Amino acid sequence: MKIQIIYYSKYGSTQEIAQAMGRKLKTATVVDVRELQEITGDLLVIGSAIYSEVPHKDIERLLVDKEGQLQDKPVALFAVCLRKTYITSKIGEGGGPVYIKKMERALGRPPVASMIFGGRMIVDELDPEDRERTESFAKRQGMPFKDVNVMADSEVDEFIEDITAKTAR
Ligand SMILES: Cc1cc2nc3c(=O)[nH]c(=O)nc-3n(C[C@H](O)[C@H](O)[C@H](O)COP(=O)(O)O)c2cc1C
């Protein structure tokens, strides 16, 4: 089965996860959604980093799939974020399960598998707008504004095992 991994990554952590998946899945190709020419896989693994509670609009658009580009092919979804667990507060609900739900809703059908990955944020790499946004968010939440890295190689293996188990015939 040909697997095509399509991702959006601004600062590189989602790209690293997609590429690690690509290395472990022998027949996979890995493509940045901004460079996507055509859907070539029989199984599509589609992932986005989460910025301000939502997946990137290019991934959202791909999942909504107005043009029928995905051809109803099976899709596995992944989100990369810092807040992996569900949270509810005055400003609403958030966290990994909420982000994955948003992606599932955009897709409009159940994914074959889905996974929430821990990501990474390096303060000095952020562009001024993102820095301002994340810094004021941290302040409002009473959290320190500093580098965070919650990436774990084991999550890539776990996702691949899940995809493999669910697509084995
Ligand atoms: C502007 C901005 C907004 C973010 N918003 C969220 C968020 O709402 N929830 C969350 O869990 N992580 C959030 N993050 C953290 C990113 O999801 C995390 O750093 C991710 O690993 C970035 O992926 P990338 O390196 O592929 O760009 C945000 C990061 C930035 C820069």
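Helices (H or I, at least four residues) and strands (E, at least two) are DSSP runs, numbered from the N terminus.

## Model and overall form

This is a predicted model, in which local features need pLDDT of at least 70 and side-chain atom pairs count only at pLDDT 80 or more, while totals for chains, interfaces and linings use all residues. Residues are numbered from 1 along each chain as its sequence is written.

The protein chain has five helices and ten strands. Its radius of gyration is 16 Å, close to the 15 Å that the globule rule gives for 169 residues, so the chain is as compact as a globular protein of that length. The radius is taken over C-alpha atoms, and the rule is 2.2 Å times the number of residues to the power 0.38. The C-alpha trace spans about 50 × 30 × 30 Å along its principal axes.

Of the 169 residues, 31% count as buried. A residue is buried if 20 or more other C-beta atoms lie within 10 Å of its own, exposed if 12 or fewer, and partly exposed in between, with C-beta atoms placed from the backbone. Among contacts between residues at least 6 apart in sequence, 76% join residues at least 24 apart; two residues are in contact if their C-beta atoms, placed from the backbone, lie within 7 Å.

Strand E1 covers residues 3–8; six of its six residues are buried, so E1 is largely enclosed by the rest of the structure. Ile3, Ile5 and Tyr7 point one way from the strand, and Gln4, Ile6 and Tyr8 point the other way.

Two strands pair if DSSP finds at least two bridges between them. E1 runs parallel to strand E2 (residues 28–32), joined to it by five bridges, and Tyr7 stands opposite Asp32 in E2. With E3, E1 pairs in the parallel sense over six bridges; there the bridge partner of Ile5 is Val45. E1, H1 and E2 make a right-handed β-α-β unit, where right-handed means that, with the strands pointing away from the viewer, the path from the first strand over the helix to the second runs clockwise.

## Ligand shell

The ligand is surrounded by 22 residues, the closest being Ser9, Thr14, Ala49, Cys81 and Gly119. The criterion is a C-beta atom, placed from the backbone, within 6 Å of the molecule. Two or more shell residues come from each of helix H1 (13–24), strand E3 (43–51), strand E5 (75–81), strand E9 (120–121) and helix H4 (128–141).

By class, the shell holds nine nonpolar, seven polar and six charged residues. Ala, Val, Leu, Ile, Met, Phe, Trp, Tyr, Cys and Pro count as nonpolar, Asp, Glu, Lys and Arg as charged, and the others, Gly among them, as polar.

## Loop between E3 and E4

Most residues other than glycine have a negative phi. Ser52 has a positive value, near 50 degrees, and lies in the loop between E3 and strand E4 (54–55). Glu53, in the loop between E3 and E4, also has a positive phi, near 75 degrees. Ser52 counts as exposed because it has 9 C-beta neighbours inside 10 Å, whereas Glu53, with 15, counts as partly exposed.

Glu155 is in helix H5 (residues 153–167) and counts as buried, with 20 C-beta neighbours inside 10 Å. Not counting residues up to four places away in sequence, Glu155 touches Met115, Phe117 and Gly118. The C-alpha atoms of Glu155 and Met115 are separated by 8.3 Å.

Ser136 lies in helix H4 and counts as exposed, with 11 C-beta neighbours inside 10 Å.
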